[in-house]
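Please keep the sequence and the three-dimensional view at hand while reading.

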Amino acid sequence: MSDTAARSTRTGWSRRVLAVVGVALAAVALLVEPVARRELSDDRTVDLGLLQLKLAYNSGVAFSVGDQLPAWIVLAGTATITLGVGIYAWRTVPTSSLVAVVGFSAIVAGAAANVIDRAVDGKVTDYFHTGWWPTFNLADTYLTCGVVLLIAALLWESTHAPADPTPAKESST
């Protein structure tokens, strides 16, 4: 297989994984949100030990930063950042490991699911509550896990990459 054909196959494969995993994860997060709203309304809480299911809404971004801003500014800002990360991921995954591709997929899926949720009513639905950490949702766990996977992939690649993939030239003396 030629170098160009191999790159084309790798590009198609990695971008398909990015898209399929990203869409699947975002769909799951978006399907869970209305269930959480319905089942946890009226201040209902489900105790799962270290974690409780408890409904909360966040009109800001991470840790409610910007919650005093108009909803359209927060939506525009998060949508722009999500689009930028999505474009970066799309361009980067052809040269990334599978772990990095899945990490990018989780990041884009989590960000997109939160943007879509925010577009509905100007706030994000949160439902995982610990008591010692701000309440969060499934999309937030995708973001966190995606960042961890991406960092792990980058660290792995940086410590296991060949020092110089080009063969050394022999001197003719």
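## Two exposed residues in a loop

With a relative accessible area of 71%, D42 is exposed. The structure shown is a predicted model. D42 belongs to the loop between α1 and β1 (45–47). Although D42 is not a glycine, its phi is positive, at about 60°.

Is D43 buried or exposed? The relative accessibility of D43 is 76%, and exposed means over 50%, so D43 counts as exposed.

## Salt bridges

How many salt bridges does a search of the whole structure find? The search finds three. One of them joins R37 to D117, with the closest N and O atoms 3.1 Å apart. R37 is part of helix α1 (residues 3–39) and D117 is part of helix α3 (residues 98–121), so this pair ties together parts that are 80 residues apart in sequence. R37 is partly exposed, its relative accessible area being 25%. D117, in contrast, has a relative accessibility of 4% and counts as buried, because buried means under 20%.

R37 also meets D121 through a salt bridge between their side chains, at 3.0 Å from N to O. Here R37 lies in helix α1 and D121 in helix α3, so the pair ties together parts that are 84 residues apart in sequence. D121 is partly exposed, with a relative accessible area of 31%. E39 has a relative accessibility of 40% and counts as partly exposed.

## The packing of α3 with α4

Two packed helices are described by the angle between their axes and the distance between the axes. The axes of α3 and helix α4 (residues 138–160) come within 7 Å and cross at roughly 155°. Since angles over 145 degrees count as roughly antiparallel, α3 is roughly antiparallel to α4. The crossing of these two helices, α3 and α4, is left-handed.

Which residues make this contact? On the side of α3 they include V99, V102, F104, I107, A109 and A113, while on the side of α4 they include A139, Y142, L143, V147, L150 and A153. By class, the contact of α3 with α4 has 16 nonpolar, four polar and one charged residues.

## The packing of α2 with α3

Helix α2 (residues 71–92) also packs with α3: their axes come within 9 Å and cross at roughly 155°. α2 and α3 are therefore roughly antiparallel to each other. α2 passes α3 in a left-handed crossing.

Among the residues of α2 that make the contact are V74, L75, A79, V85, Y88 and A89. From α3, the contact includes F104, I107, V108, A111, V115 and R118. The residues of the contact of α2 with α3 divide into 13 nonpolar, four polar and one charged. F104 and I107 are listed in the contact of α2 with α3, and they are also listed in the contact of α3 with α4.

A109 is located in helix α3. Is this residue, A109, buried or exposed? At 2% relative accessibility, A109 counts as buried.

Which residues does A109 touch, not counting residues up to four places away in sequence? They are G22, L25, A26 and Y142. Of these, Y142 belongs to α4 and is part of the contact between α3 and α4. G22 stands 87 residues from A109 along the chain, yet the C-alpha atoms of A109 and G22 are separated by 4.7 Å.

How values were computed
Residues numbered from 1 in each chain as written. Predicted model: local features only at pLDDT ≥ 70, side-chain atom pairs only at ≥ 80, totals over all residues. Heavy atoms only, no water. Salt bridge = Lys/Arg side-chain N within 4 Å of Asp/Glu carboxyl O. Helix = DSSP H or I, 4+ residues; strand = E, 2+ residues; numbered from the N terminus. Buried < 20%, exposed > 50% of the residue type's maximum accessible area, 1.4 Å probe, protein only. Axes fitted to C-alpha atoms, helices over the stretch in contact; angles between N-to-C directions. Parallel < 35°, antiparallel > 145°, perpendicular 65-115°, else oblique. Left-handed = near helix turned anticlockwise from the far one by under 90°. Contact = heavy atoms within 4.5 Å. Nonpolar A, V, L, I, M, F, W, Y, C, P; charged D, E, K, R; others polar.
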